[in-house]
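Hello,

I am passing on the structure we spoke about, with notes on what came out of it. Please look it over when you have time.

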Amino acid sequence: MARREIPEEFLDGYDRILDEVARTGRLLNRDELASRRTAGEQAAEAGHSLRSLINSHLTVARGAWPRHASAHADSALAVVAQVVDALAEGFERAQHLAVRQEEAERREFIDDLLHGSADLGRLAERAERFGLRFSHAHAVAVAEGTAAYSEADPVARRVELALLGRFGDRQILLTTKDGRLICIAPGDQTDVLTSFAKQAHAATDGGRVAVGRTHPGAGGVVQSYQEALNALGLAERMNLDDPVLHAADLLVYPVLTRDREAMADLVRSALGPLRQARGGAEPLLETLTAYFDSGCVSAEAARRLSLSVRALTYRLGRIHQLTGSNPADPVHRYTLHTAVIGARLLDWPAKEL
């Protein structure tokens with residue numbers, strides 16, 4: 001049976017080697033070992049199993065087994081052990097090369113997909129091999145922590161095993177890019193993205209996760225990925241505390257900065273006078289940020305700033321005096337609040353506008 005499973009080409013010359021070994025009692029030379037490694041490598045590339053390959057060689061060895069001279073029999077057994085080791089070495093080498101090739105092709109696909117510059121038709125053809133079907137809409141979740149992660153990193157493996165253990169093969173692509181963990185999943189499978197966010201947050205020791213919106217096609221994956229990246233950047237600039245951010249909940253911020261010059265003009269006009277304060281604009285800008293983030297509740301804002309309510313009230317009064325706008329006045333509040341958001345988005349006053 002084994003001889004029929006493995007083509008003769010992978011056994012070529014082996015019986016002659018055994019005949020000579022049985023007569024002389026010698027071990028295999030370098031060329032003979034190389035021929036068995038090559039046979040193992042070629043069998044792996046042809047899709048044969050290592051078990052069948054070894055069984056075929058053992059069948060030949062049984063047919064050529066020496067009938068006389070126990071010393072030669074011992075040598076023949078040692079040669080068979082050499083052959084099995086050489087076959088396994090060549091077979092494993094071919095498998096390792098195949099794995100590295102698969103990893104390289106997967107990385108190339110991911111880079112092409114997330115970069116967004118590759119041919120979409122060709123991407124669609126390659127996608128199914130890696131578990132994606134662009135006939136479905138997809139969403140992308142991106143997680144970042146204090147360290148940069150690769151696919152071989154224990155953190156990435158932990159997240160992958162947790163998701164695959166729960167969801168199995170559900171057309172999910174887990175990978176890394178630029179040190180971040182990435183999950184691409186069909187947009188209607190929100191449980192997958194929710195679980196990824198939970199696992200990634202825990203595995204990265206409290207890292208932040210952003211989820212892009214669902215979009216169709218290969219271009220939609222790129223768009224969702226960019227939305228997730230933008231959400232992470234926005235969270236950094238705005239000091240958002242949420243461990244999981246959804247791009248759909250942050251759409252107001254891109255709208256506010258779409259006309260950057262107009263927003264910069266508002267910040268300069270509404271908040272520029274704060275530079276005249278002792279200590280510069282930063283302390284009073286922090287006061288406004290805490291005041292608006294706490295729903296304009298003075299006691300809560302004071303607690304966040306580790307101030308007394310009286311000290312907070314003094315600062316609000318100073319802001320009113322410098323800018324002419326009263327944070328407690330609903331008429332002025334919207335302008336000031338929008339300007340504060342703009343200042344955070346534009347990194348003012350650290351950067352000149």
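Which residues of helix 11 are buried? They are Met263, Ala264, Val267, Ala270 and Leu271. These residues cover an arc of only 145° around the axis, so they sit on the same side of helix 11. An α-helix has 3.6 residues a turn, so residues three or four places apart point the same way. The partners of the buried residues are helix 10 (252-256), helix 12 (282-293), helix 14 (309-323) and helix 15 (330-345), against which they pack. The length of helix 11 also agrees with expectation: at 1.5 Å a residue, its 12 residues (260-271) should span 16 Å, and the end C-alpha atoms are 16 Å apart.

Bear in mind that this is a predicted model. The protein chain has an average pLDDT of 86, and 95% of the residues score at least 70. Among the elements of the chain, the lowest mean pLDDT, 48, belongs to helix 1 (residues 2-5), and the highest, 95, to strand 4 (residues 208-211). Where pLDDT is low, the predicted coordinates should not be read in detail.

On the nonpolar cores: the largest has 57 residues. Leu271 of helix 11 is among the residues with the most contacts inside this core, together with Phe109, Leu113, Phe134 and Ile184. Helix 9 (residues 217-238) supplies the largest share of the core, 10 residues. A second, separate core has 23 residues, including Ile17, Leu28, Ile54 and Phe91.

Leaving aside residues up to four places away in sequence, Phe109 touches Leu123, Arg126, Ala127, Phe130, Leu132, Phe134 and Leu173. Of these contacts, Phe134 is also listed with Phe109 among the residues with the most contacts in the largest core.

The count of aromatic pairs comes to 1. Tyr291 and Phe292 form this pair, with 5.8 Å centre to centre and 55° between the planes, and the pair is tilted. Tyr291 counts as buried because its relative accessibility is 4%. Phe292 is buried too, with a relative accessible area of 7%.

Gln189 lies between strand 3 (180-186) and helix 8 (190-203). Is Gln189 buried or exposed? At 15% relative accessibility, Gln189 counts as buried, because the cut-off for buried is under 20%. Gln189 and Ile172 are 17 residues apart in sequence, and their C-alpha atoms are 9.7 Å apart in space.

Regards

Conventions: Residues numbered from 1 in each chain as written. Predicted model: local features only at pLDDT ≥ 70, side-chain atom pairs only at ≥ 80, totals over all residues. Heavy atoms only, no water. Helix = DSSP H or I, 4+ residues; strand = E, 2+ residues; numbered from the N terminus. Expected span 1.5 Å × (residues − 1). Buried < 20%, exposed > 50% of the residue type's maximum accessible area, 1.4 Å probe, protein only. Arc of directions from axis to C-beta. Contact = heavy atoms within 4.5 Å. Core = buried A, V, L, I, M, F, W, Y, C linked by side-chain atoms within 4.5 Å. pLDDT = per-residue confidence, 0-100. Phe/Tyr/Trp six-rings, centres within 6.5 Å; stacked < 30°, edge-to-face > 60°.
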